[in-house]
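Subject: Structure for your review

Dear colleague,

Please find below the structure that I am handing over to you. My notes on what was found in it follow directly after.

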Amino acid sequence: MSVMIKESPISEKDMIGQAETALADISRVRDGVGRVIFGQESVVERTLVALLAGGHALLVGVPGLAKTKLVETLGIVLGLDSRRIQFTPDLMPSDILGSEVMEQDEFGKRSFRFISGPIFAQLLMADEINRASPRTQSALLQSMQEYHVTIAGVRHDLPAPFHVLATQNPLEQEGTYPLPEAQLDRFLMQVDILYPEIEAERRILLETTGIEDAKAQNVLQPARLKEIQTLIRRMPVPESVVDAILHLVRSARPGQGNAETDKHVAWGPGPRASQALTLCARARALYDGRLAPSVDDIRALAEPVLQHRMALTFAARAEGTTVRDVVAKLAKGI
């Protein structure tokens with residue numbers, strides 16, 4: 001029998017009752033998103049799992065796969081105050097964070113007043129984030145990890161909950177700036193968006209080319225989302241799942257005794273990957289109606305959680321090996 005690690009003293013009866021209520025709320029959110037986003041069940045699941053776990057997600061896909069539409073729909077369905085930033089090469093950090101302006105009152109006294117930027121939202125959409133310079137990308141670092149920003153030495157707290165959903169086009173790389181490793185590590189998951197199945201695309205054709213488009217409806221409030229996020233952090237994690245997470249993450253690092261990793265991986269994931277797997281596994285379990293995560297959750301989440309936290313050697317890339325190939329092999333070994 002596996003040993004259970006509990007985050008806080010909550011009775012099993014209370015946990016079951018809260019989980020059942022949360023499951024009903026999550027089901028309504030899923031249905032609300034499904035009215036607007038057709039197909040892409042895996043993408044919707046992973047993005048919602050990232051939000052339920054209290055983190056951020058990087059959505060990667062070619063143009064026209066409803067990345068922007070998904071983020072807008074989630075903001076409406078979850079009742080979050082949403083803002084969108086279109087990242088461009090000339091975007092400055094102050095365009096995101098805000099800036100101080102000098103004002104003069106009627107007595108001639110001058111003072112600075114802070115005007116907040118679009119980052120002061122509960123859901124921030126960073127559209128085509130890799131088009132901005134590293135200087136501008138770094139404006140998100142403090143906010144994504146510490147949930148506040150510092151302007152002119154003064155701390156400004158961000159709204160709660162606070163989530164960043166960034167989009168990226170994997171095809172067009174001219175005039176773009178690859179996200180630095182520190183920035184990538186702050187995304188709980190990288191969600192790859194592929195082309196829809198034929199039936200989903202048929203539904204898209206029929207339902208989005210008429211006079212009226214389906215519109216998202218609000219079904220949840222931010223305060224309720226925070227309650228569900230707190231519940232997820234209280235969910236028990238079996239010792240076997242903890243061991244699987246540690247084995248997977250450590251085996252993805254060179255120099256830890258895995259021959260395949262030593263051959264193909266230049267650098268591997270840090271402890272933040274283990275934290276992300278733990279939180280996302282709990283959220284995925286609740287999303288599926290379970291009270292505790294399993295090793296199958298770790299296998300399912302290995303790719304989106306690890307792929308942007310690893311880099312291959314030049315020799316591995318020359319051989320045609322991808323990060324997904326390496327992660328898939330490592331996931332089979334847990």
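A salt bridge is taken here as a side-chain nitrogen of Lys or Arg within 4 Å of a carboxyl oxygen of Asp or Glu. The model is a predicted one, in which local features need pLDDT of at least 70 and side-chain atom pairs count only at pLDDT 80 or more, whereas totals for chains, interfaces and linings use all residues. Residues are numbered from 1 along each chain as its sequence is written, and side-chain values use heavy atoms, with hydrogens and water left out.

Salt bridges

Across the whole structure, the search returns 20 salt bridges. One of them joins arginine 155 to aspartate 157, at 2.7 Å from N to O. For accessibility, buried means under 20% relative accessible area, exposed over 50%, and partly exposed in between (1.4 Å probe, protein chains only). Arginine 155, with a relative accessible area of 53%, is exposed.

A salt bridge also links the side chains of arginine 324 and aspartate 192, again with an N to O distance of 2.7 Å. Arginine 324 belongs to helix H15 (residues 323-332) and aspartate 192 to strand S10 (residues 189-192), so this pair ties together parts that are 132 residues apart in sequence. Helices (H or I, at least four residues) and strands (E, at least two) are DSSP runs, numbered from the N terminus. Arginine 324 is partly exposed at 39% relative accessible area, while aspartate 192 is buried at 14%.

Aspartate 288 and arginine 290 form a salt bridge at 3.2 Å, N to O. Aspartate 288 is partly exposed, at 39%, and arginine 290 is partly exposed as well, at 27%. Both residues take part in a network of salt bridges that links Glu45, Arg284, Asp288, Arg290 and Asp297.

Aromatic rings

Rings of Phe, Tyr and Trp (its six-membered ring) pair if their centres lie within 6.5 Å; planes under 30 degrees apart count as stacked, over 60 as edge-to-face and the rest as tilted. By this rule there are 2 aromatic pairs. Phenylalanine 120 is buried, its relative accessible area being 13%.

Tyrosine 147 and phenylalanine 162 have ring centres 6.2 Å apart and planes at 85°, so this pair is edge-to-face. Tyrosine 147 sits in the loop between helix H6 (141-146) and strand S7 (148-151), and phenylalanine 162 in the loop between strand S8 (154-157) and strand S9 (163-168), so the pair ties together parts that are 15 residues apart in sequence. Tyrosine 147 is partly exposed at 33%, whereas phenylalanine 162 is buried at 2%.

Helix packing

The axes of helix H1 (residues 12-34) and helix H3 (residues 67-77) come within 10 Å and cross at roughly 135°. Axes are lines fitted to C-alpha atoms, for helices over the stretch in contact, and angles run from 0 to 180 degrees between N-to-C directions. Angles under 35 degrees count as roughly parallel, over 145 as roughly antiparallel, 65 to 115 as roughly perpendicular and the rest as oblique. H1 and H3 are therefore oblique to each other.

Phenylalanine 112

Phenylalanine 112 is placed in strand S5 (residues 110-116) and is exposed, at 55% relative accessibility. Phenylalanine 112 and aspartate 25 lie 87 residues apart in sequence and 44 Å apart in space, C-alpha to C-alpha.

With kind regards
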